[in-house]
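Please look through the sequence and the structure shown here before reading on. The report that follows takes up one topic at a time.

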Amino acid sequence: MAETICRALRDGAFEGEHAPALTIKDTIDTPLGSFVFNHILTQLTSNILAGKSQARGVVLVALSRPPSFYAELLKNKGFDVSSSSKWLRVLDCYSDPLGWKNKLMERGTVRNPYEETLLKTSLCKNLKELDKVLSSIIELGKEIVEEGKGRFAVAIDSVSEILRHSSLPSIARILSHLHSHDQVSCIFCLLHVDLHEAKVAATLEYLSTMHADVEPIVQRTNGQRNTSEDLPMVEQSFKRGKFHVRFKRRNGRVRAMREELYVEGSGIKITEVSSEDGITAQSLVPKVQFNLDLSEKERLDRAKVVLPFEHQGTGKPIQIYDGRKSLNESENEEKQASVEKPQTTEDSGRGEIIYFRDSDDEMPDSDEDPDDDLDI
Amino acid sequence: MDNLCANLLEEAVGISKGGRVVVVEDCVQMSGAFVLHHFLKRSLYPDTSDAVIFIAFAHPFSHYERILRKMGCNLTVHRKNHRFVFLDMLTLECPDRNGKETRQDGLLALYGEIEKAVEIYSSLEGSRIITIMIDDISLIEVAANGSSNHVLDFLHYCYTLKAKYGCSFVTLNHEDIYSSANTLPLILQLEYLADVIIKAEPLATGLASDVHGQLSVLNKGSVCDLGGSSSKVRNFHFRVKENIVDYFYPGTQT
């Protein structure tokens, strides 16, 4: 429910509640999380520009992509980048997260290592000091909204990058601080789940009100990494994936929804789960020359067949076949057969197995070799 | 024949406009060094003015020079013509006696050298793509005393050059040395950042005299160019000859 997510982020925080938070998760099997992130960012931006959202602007924490990437993205989506300073601030943690460029510039090794963009950016030179990062996020947010009024949204483009430099508790602290900050309207962030331990994803899920998982259409069963046999599947998983969203309601109820996600041109398209899912699964079964399935008619016919001895025990005394009939039984049967014959022709649709014994002389089944006495 | 065969790899990788990250992954049974040589020769074609910055952790200059000379490319001449920079890092060691600082300083100095070279080359006349090649990542990890986080920091800084100068990257790494661990953060992180992943593997069916192995090329399509739907996967066999590599689709070689 991509629209529901966008609506929830647009509506922002209710009075006396924490800001809604979204965690987008993906894995290397379907690395489409950044597409989802860009999609939500542009949706939120258009809501902000239309004045529909609670947030007045966005503070984008750029960790895994340069600010110039976002400038290009917004330009391609038809936003006016030159006037973006009214509603967008970028905290650039990409260009120089450890201050190396700054050091090199001081030493005189390089002259001007920093890139120039149209967006209004602020450079973060030490990602290890998360408190400073937090205060600069809030400062940038306050620049957008006038002091004391309005709220702003926070977008973190990959929490995985911060996790490389800092511990999980410190990040959790930053995130929960942002949630409870009274000027934050909503938060969304991206996480590459397989780069971290399971507890990282769990911690972030506790801190967020919505999670969006991007999963491969066909789960790999053996749990191995890409091998040359499933290359068509790999190609598929770079173009489409399952989009699994969970909303945590205030009363504790969790609403889960499944959708499908396609990469289309420069963006993504999210649609309802179609029946194509089954078709893909079927087309993955190797093509063979014989039928693996039954047709509808074949299935009905098979259901009609009465297996030998199946009727036994239904009202009649149970008989154990020993290969010959007792005298009185054969008399009974002859009578019955003459009576029953017309009936059987009537419901010929009912399948039955008819067995004629050649003669009474035939020996009952035994392990003995019938050709034992032959002298060859 | 030469052009036709080389085109299979070229075709799978796509036309290089610069600003792309290519990750080559190989294993003990099948070395992927020839792919690196291919890209080296490709970047130094005489009809372009592209430049290469080669960071060698694995072999000395003479090793690459001999191989490339057989392929018809003289590295010494290119070095004189300022198209080829060779950074010999065989002896780079970042001892850990004084704590973290020294480890980082070694890589910081190396990054400084790379950025300096890129800055000088991009200020020269004419448009050119600067390709940065690293042979190989696992040895940076050795130099950094096994700290994959430092390696990732270093690579992150290298990748920032992509945004400003439009540099391309070709790196070699060994996949199987990470297979024992349950998680593969370094190699996964590299794959997240890569635009093209090339895997060199031995044949799944065993050894054959005329096929040396197979390459799988996963081209994510350039997400940076915002046309991300062009991802494609190719798989083909190859045969490494004395001075050329033949690429062909499975079953087409008689």
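## The nonpolar cores

Which residues have the most contacts inside the largest nonpolar core? In this predicted model, the largest nonpolar core has 73 residues, and those with the most contacts inside it are B:Val22, B:Ile53, B:Tyr111, B:Ile132, B:Met133, B:Cys158 and B:Ile198. Apart from it lies another core, which has 66 residues and includes A:Leu9, A:Ile171, A:Phe188 and A:Ala212. In soluble globular proteins, nonpolar side chains tend to be buried together.

## Chain B and its buried helix

Chain B contains 8 helices and 9 strands, and of its 254 residues 42% count as buried. Among the contacts in chain B with a separation of 6 or more, 69% are accounted for by residues 24 or more positions apart.

Helix H2 of chain B, which runs over residues 33–43, is largely enclosed by the rest of the structure, because 8 of its 11 residues are buried. The buried residues in H2(B) are B:Phe34, B:Val35, B:Leu36, B:His37, B:His38, B:Phe39, B:Leu40 and B:Ser43.

## Backbone details in chain B

Two places in the backbone of chain B deserve a careful look. A cis peptide bond, with omega about -10°, joins B:Asp135 and B:Asp136, and B:Asp136 has its place in the loop between strand E4 (130–135) and helix H6 (137–143) of chain B.

The other place is B:His82, which has a positive phi of about 60° although it is not a glycine. B:His82 is found in the loop between helix H4 (75–80) and strand E3 (84–88) of chain B. Is B:His82 buried or partly exposed? B:His82 has 13 other C-beta atoms within 10 Å, and therefore it is partly exposed.

## A helix pair in chain A

In chain A, the axes of helix H7 (residues 168–180) and helix H8 (residues 198–207) come within 10 Å and cross at roughly 15°. That angle makes H7(A) roughly parallel to H8(A), because angles under 35 degrees count as roughly parallel. The crossing of H7(A) and H8(A) is right-handed.

On the side of H7(A), the contact is made by A:Leu168, A:Ala172, A:Leu175, A:Ser176 and A:His179, while H8(A) contributes A:Val200, A:Thr203 and A:Leu207. The residues of this contact of H7(A) with H8(A) divide into 5 nonpolar, 3 polar and no charged.

## An exposed residue in chain A

A:Lys304 has its place in helix H11 (residues 296–304) of chain A, and it counts as exposed because it has 11 C-beta neighbours inside 10 Å. Although A:Lys304 and A:Glu352 are 48 residues apart along the chain, their C-alpha atoms are separated by 8.5 Å.

## Where the chains meet

How many residues of chain A are in contact with chain B? There are 34 residues of chain A in contact with 33 residues of chain B. The elements that give two or more residues to the side of chain A that touches chain B are helix H3 (67–76), helix H4 (100–107), helix H9 (231–237) and strand E9 (254–264) of chain A, and H3(A) gives the most, with 5 residues. The residues of this side of chain A divide into 17 nonpolar, 8 polar and 9 charged.

Terms used. Residues numbered from 1 in each chain as written. Chains lettered and ligands numbered in written order. Predicted model: local features only at pLDDT ≥ 70, side-chain atom pairs only at ≥ 80, totals over all residues. Axes fitted to C-alpha atoms, helices over the stretch in contact; angles between N-to-C directions. Helix = DSSP H or I, 4+ residues; strand = E, 2+ residues; numbered from the N terminus. Parallel < 35°, antiparallel > 145°, perpendicular 65-115°, else oblique. Left-handed = near helix turned anticlockwise from the far one by under 90°. Contact = placed C-beta atoms within 7 Å. Nonpolar A, V, L, I, M, F, W, Y, C, P; charged D, E, K, R; others polar. Buried ≥ 20, exposed ≤ 12 C-beta atoms within 10 Å, placed from the backbone. Core = buried A, V, L, I, M, F, W, Y, C linked by C-beta atoms within 7 Å.
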